[in-house]
Amino acid sequence: MGLLRANLPGFPLTEDELADATLGDGWSDEELPSLVAVEDDEVVGFVRAQVRRMLFDGRPIRGVCLSDLVVSEGHRRGASGAMLLARQLKGPQDVSWSDSATDFVVRAWRALG
């Protein structure tokens, strides 16, 4: 929670609300989890996956909204954020989108295709 609060000013969720939205969501999918980057037993990055099931041309598909992509300040020169995003985008979902794209996130999505 400290990572989110330190890097996303005004992050609105409490710890319990984040746990419910991330782990307790009835739409969650084990194949499309939120991801955490850990280095030396310290959480240095996070990206939340919010799965949504929908229909496209009458066919059921899975979509994932990727949000709250954060990397601790001391690890931004590395590739932690890009690696988290790349891993999420390579998942089995049919479509991905973001509801909160910073300049970095826009550049990363474009670079990852």
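How many helices and strands does the chain have? The chain has 4 helices and 4 strands.

## The model and its elements

The structure is a predicted model, in which local features need pLDDT of at least 70, side-chain atom pairs count only at pLDDT 80 or more, and totals for chains, interfaces and linings use all residues. Residues are numbered from 1 along each chain as its sequence is written, and side-chain values use heavy atoms, with hydrogens and water left out.

Starting at the N terminus, the order of the elements is α-α-β-β-β-α-β-α. Helices (H or I, at least four residues) and strands (E, at least two) are DSSP runs, numbered from the N terminus.

## Overall dimensions

A compact globule of 113 residues would have a radius of gyration near 13 Å, and the value of 14 Å for the chain agrees with this. The radius is taken over C-alpha atoms, and the globule rule is 2.2 Å times the number of residues to the power 0.38. Along the principal axes, the C-alpha atoms fill a box of roughly 45 × 35 × 25 Å.

Contact means heavy atoms within 4.5 Å. Among contacts between residues at least 6 apart in sequence, 54% join residues at least 24 apart.

## Surface and charge

The accessible surface of the chain is about 7,300 Å², and 51% of that surface belongs to carbon and sulfur atoms. Areas come from the Shrake-Rupley method with a 1.4 Å probe; for residues, only the protein chains shown count as cover. Of the 113 residues, 36% count as buried. A residue is buried under 20% relative accessible area, exposed over 50%, and partly exposed in between (1.4 Å probe, protein chains only).

There are 12 positive and 18 negative side chains, and the centres of the two sets lie 8 Å apart. Lys and Arg count as positive, Asp and Glu as negative, while His and the chain ends are not counted. Each charge is placed at NZ of Lys, CZ of Arg, CG of Asp or CD of Glu.

## The nonpolar cores

In soluble globular proteins, nonpolar side chains tend to be buried together. A nonpolar core is here a set of buried Ala, Val, Leu, Ile, Met, Phe, Trp, Tyr and Cys residues joined through side-chain atoms within 4.5 Å. The largest such core has 14 residues, of which Val47, Val64, Leu66, Leu69, Leu84 and Leu85 touch the most other members. Two or more residues each come from strand E1 (35–39), strand E2 (42–56), E3, H3 and helix H4 (103–111). E2 gives the largest share of this core, 4 residues. Another core, of 6 residues, lies apart from it and includes Leu4, Leu18, Phe46 and Val70.

Beyond its neighbours within four places in sequence, Val47 is in contact with Ser34, Leu35, Leu66, Ser67, Asp68, Leu69, Leu84 and Gln88.

## Helix H3

Helix H3 spans residues 80–89 and holds Gln88. Its buried residues are Ser80, Gly81, Leu84, Leu85, Ala86 and Gln88. The buried residues of H3 pack against E1, E2, E3 and H4.

Gln88 counts as buried because its relative accessible area is 4%. Not counting residues up to four places away in sequence, Gln88 touches Pro33, Ser34, Leu35, Val47, Ala49, Leu66 and Gln93.

Is Ile61 buried or exposed? Ile61, in strand E3 (residues 59–71), has a relative accessible area of 10%, so it is buried. Apart from neighbours within four places in sequence, the contacts of Ile61 are Arg52, Arg53, Met54, Phe56, Asp94 and Val95.

Asp68 also lies in strand E3. Asp68 is buried, because its relative accessible area is 10%. With neighbours within four places in sequence left aside, Asp68 is in contact with Leu4, Leu8, Phe11, Phe46, Val47, Arg48 and Ser100. Asp68 is not a glycine, yet has a positive phi of about 55 degrees. Asp57, in the loop between E2 and E3, is not a glycine either and has a positive phi of about 50 degrees. Asp57 has 74% relative accessibility and therefore counts as exposed.

## Distances along and across the chain

Ile61 and Asp16 are 45 residues apart in sequence, and their C-alpha atoms are 29 Å apart. Glu15, in helix H2 (residues 15–22), is 14 residues from Met1 along the chain, with 6.4 Å between the C-alpha atoms. Glu15 is exposed, because its relative accessible area is 57%. Asp68 and Trp109 are 41 residues apart along the chain, and their C-alpha atoms are separated by 14 Å.
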